[in-house]
Amino acid sequence: MSSANKSQGWSSSSNSTMTPPKTKPRRLYQVWKGNNKFLCGGRVVFGHDAGSLILTSFLIGGPAITFCTRMLVMTKGQNPFFVYPVLIGGIVLTVLDFLFLFLTSGRDPGIIPRNSQPPESDEASDTPTPSMEWVNAKASGLKIPRVKDVTVNGHTVKVKFCDTCLLYRPPRASHCSICNNCVQKFDHHCPWVGQCIGLRNYPYFIMFISSSTLLCIYVFVFSWINILREGGKIWSAMSNDILSVILIVYCFIAVWFVGGLTVFHFYLICTNQTTYENFRYQYDKKKNPYSKGILGNYNEVFCSKIPPSMIDFRAWTSEDDDIVVGSTPPESDRGFMGSKEKFDIEVGQRFSKDAGKGLPIILQNLDYSAFDDTTKRKNLDHSSFDDHFKRNIGDSERYSHRSSGIGSSTSYDKRTVTPIS
């Protein structure tokens, strides 16, 4: 093999070796660090406990479908002007209830993008405090105050630093430990819908619990009417329509839960509070900086446009993209050799900027006379020196021996050291 062909062969080999494996691009929802569950390619965003929707759907759909089936059976031999409107009303309320349930649980509640590094602070302090220790360990001595003061409508409001998302939470935002996300205007995490309730799904949540309350009242009232239409004594009519009695008992119990929840949230809307703020801060002791009056508060919830999501979960990204997903910095930012980097010394994967144009690093700046001096000094025989040479430059090199006369010495010609093609 000629010298040019050998050089060409080594160059092509080194080029193929030094080419880093390409990271397959992925959607952001596929590498998201929160505990969310996604469907339809990231278009539908559920919370961590989305499986509870099965139970909630059964608790809503079971009685509703039973009532509609009961009314459908009553169409035979009953006044159609009464049965059909009641049946249609029950179907409409059931469909609306499930629609609002899906809109509440299947959309981004207002997740705030997380950072990979703590933000720079103008309020750095030289006095170490327990609240700064975690940030110092992550940011090379950068000290960030745990709480900052911001002004909202002329009032001073404290915002906290989130250790998980590495950001100062906006006013009224909080971190959900279940979904592992900071959420705008965080109200609470609802296990019945399996999702956080925040800025972007709170109106749908109000409509969901309101329609559930109306559906319970609707089924309760018309189940009683069906019993009363039987005529005769009340106990006799109830014994003849056990299904209506079961629906009455079920709806009577359920309406206390969903009805009480609905009344409580309408009170929160009147005072412009979230559930978290109501239990944590008790704004009745001081003026609420967010209140705009009863009409203004209702207008803010029901008539204001829902802001767009701050995160495009369908955006293309790489798995090591840490700007949004909050992973550790890539190894290129921490130095060439990382703890997880594989380094194969036999083929010389670690190259300089001009790698591929000449010999690999393992052969560059190699002092071959040192091996010759070592051989003479230790009087190594041919076989032992072969092993010594192979351990230093690898099995990918060829070498030759020149021996002559008694007490022969071994010398090496640098030009004969060529890689295996």
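Here are a few questions and answers about this predicted model.

User: Which helix gives the most residues to the nonpolar patch on the surface?
Analyst: Happy to look at that one. The patch is formed by Leu55, Phe58, Leu59, Trp192 and Tyr250, with about 520 Å² of accessible area together.

User: Is Trp192 buried, partly exposed or exposed?
Analyst: Trp192 sits in the loop between β9 (188-190) and β10 (195-197). Buried would need under 20% relative accessible area and exposed over 50%. Its relative accessible area is 48%, so Trp192 is partly exposed.

User: How many residues apart in sequence are the parts tied together by Arg172 and Glu277?
Analyst: These two form a salt bridge, and their closest N and O atoms are 2.8 Å apart. Arg172 lies in the loop between β6 and β7 (174-176), while Glu277 belongs to helix α8 (residues 275-280), so the pair ties together parts separated in sequence by 105 residues.

User: In that pair, what is the relative accessibility of Glu277?
Analyst: Good follow-up! Buried means under 20% relative accessible area. Arg172 counts as buried at 14%. Glu277 counts as buried too, with a relative accessibility of 3%.

User: Which residue forms a salt bridge with Asp149?
Analyst: Side chains of opposite charge can pair when their charged atoms come close. The closest N and O atoms of the pair are 3.1 Å apart, and the partner is Lys158.

Key
Residues numbered from 1 in each chain as written. Predicted model: local features only at pLDDT ≥ 70, side-chain atom pairs only at ≥ 80, totals over all residues. Heavy atoms only, no water. Patch = residues over 30% accessible without salt bridge, like charges linked within 9 Å, V, L, I, M, F, W, Y side chains within 5 Å. Areas by Shrake-Rupley, 256 points an atom, 1.4 Å probe, with all protein chains shown as cover. Salt bridge = Lys/Arg side-chain N within 4 Å of Asp/Glu carboxyl O. Helix = DSSP H or I, 4+ residues; strand = E, 2+ residues; numbered from the N terminus. Buried < 20%, exposed > 50% of the residue type's maximum accessible area, 1.4 Å probe, protein only.
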